Amino acid sequence: MNALIKVEVVYAMPTLQKLLAVQVPAGSSAEVAIRASGILDFFPEIDLSVNKIGIFSKACKLDTVLRAQDRVEIYRALLADPKEIRRQRALEGKVTKKGGAAV
C-alpha cells in the first residue's frame, strides 16, 4: 500500500485563482495530481497538451514524479511576446526622443 502525500495544484486567471490541496499516492506524477484535484472542472479551458506546467516555478513535464508538499502550477499561454513588447516600448521611446515633445 502506497503512502499518501499532500500536494497543491494551482491555476490563475487575471480575476480568479484556485489553489487546491490534494492527496495522491507517493510516486504519483504531476498529471495524476492535476486530474485528482478537479481543477480541470473549474477551468475547462486548460488543455494539458498545450498548457505548460511547473513545480514551484520550475518548468516540468506531466510525468514528473511529485514529492510531498510540492505545488504543481499550470501556466496560461502568454498573450503577447515579452520581447516584442520591449521592442515596441523601445521604438516608442526613440520616436519621442528624436521628435521631441509636441507642445
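User: Is Q69 buried or exposed?
Analyst: Q69 lies in the loop between β4 and β5, where helices (H or I, at least four residues) and strands (E, at least two) are DSSP runs, numbered from the N terminus. Buried means under 20% relative accessible area, exposed over 50%, and partly exposed in between (1.4 Å probe, protein chains only). At 55% relative accessibility, Q69 therefore counts as exposed.

User: Before we go on, what kind of model is this, and how are residues numbered?
Analyst: Happy to clarify: this is a predicted model, in which local features need pLDDT of at least 70, side-chain atom pairs count only at pLDDT 80 or more, and totals for chains, interfaces and linings use all residues. Side-chain values use heavy atoms, with hydrogens and water left out, and residues are numbered from 1 along each chain as its sequence is written.

User: What is the mean pLDDT of the chain, and which element has the highest?
Analyst: pLDDT is the predictor's confidence in each residue, from 0 to 100. The chain has a mean of 87, and 84% of its residues reach 70 or more. Among the elements, helix α3 (residues 82-99) has the lowest mean, 69, while the highest, 98, belongs to β5.

User: What pattern does the chain follow along the sequence?
Analyst: The secondary structure comes to three helices and five strands. Read along the sequence, they give β-β-α-α-β-β-β-α.

User: What is phi of S57, and where is this residue found?
Analyst: S57 counts as exposed, because its relative accessibility is 60%. Its phi is positive although S57 is a residue other than glycine, with a value near 70°. As for the place, S57 is found in the loop between β3 and β4 (58-60).

User: Why do the buried residues of α1 lie on the same side of the helix?
Analyst: The buried residues of α1 are A30, A33, I34 and S37. They cover an arc of only 100° around the axis, which puts them on the same side of α1; the arc is that of the directions from the helix axis to the C-beta atoms. An α-helix has 3.6 residues a turn, so residues three or four places apart point the same way. The value to keep in mind is the arc of only 100°.

User: Which elements do those buried residues of α1 pack against?
Analyst: Contact means heavy atoms within 4.5 Å. Taken together, the buried residues of α1 pack against β1 (4-12), β2 (17-25), α2 (39-42), β3 (53-55) and β5 (71-74).

User: Is F43 buried or exposed?
Analyst: F43 lies in the loop between α2 and β3. Leaving aside neighbours within four places in sequence, F43 is in contact with Y11, M13, L16 and K18. Because its relative accessibility is 3%, F43 counts as buried.

User: How far from the centre of the ring of F42 is the charged end of K18?
Analyst: A charge sits over a ring if NZ of Lys or CZ of Arg is within 6 Å of the ring centre and within 35 degrees of the ring normal. The charged end of K18 sits over the ring of F42, and its distance from the centre is 4.1 Å.

User: How far apart in space are I55 and V10, C-alpha to C-alpha?
Analyst: I55 has its place in strand β3 and counts as buried because its relative accessibility is 13%. I55 and V10 are 45 residues apart in sequence, and their C-alpha distance is 9.9 Å.

User: Finally, which residues does Q23 touch beyond four places in sequence?
Analyst: Q23 lies in strand β2 and is exposed, with a relative accessible area of 54%. The C-alpha atoms of Q23 and V7, 16 residues apart along the chain, are separated by 6.3 Å. Not counting residues up to four places away, Q23 touches L4, I5 and K6.
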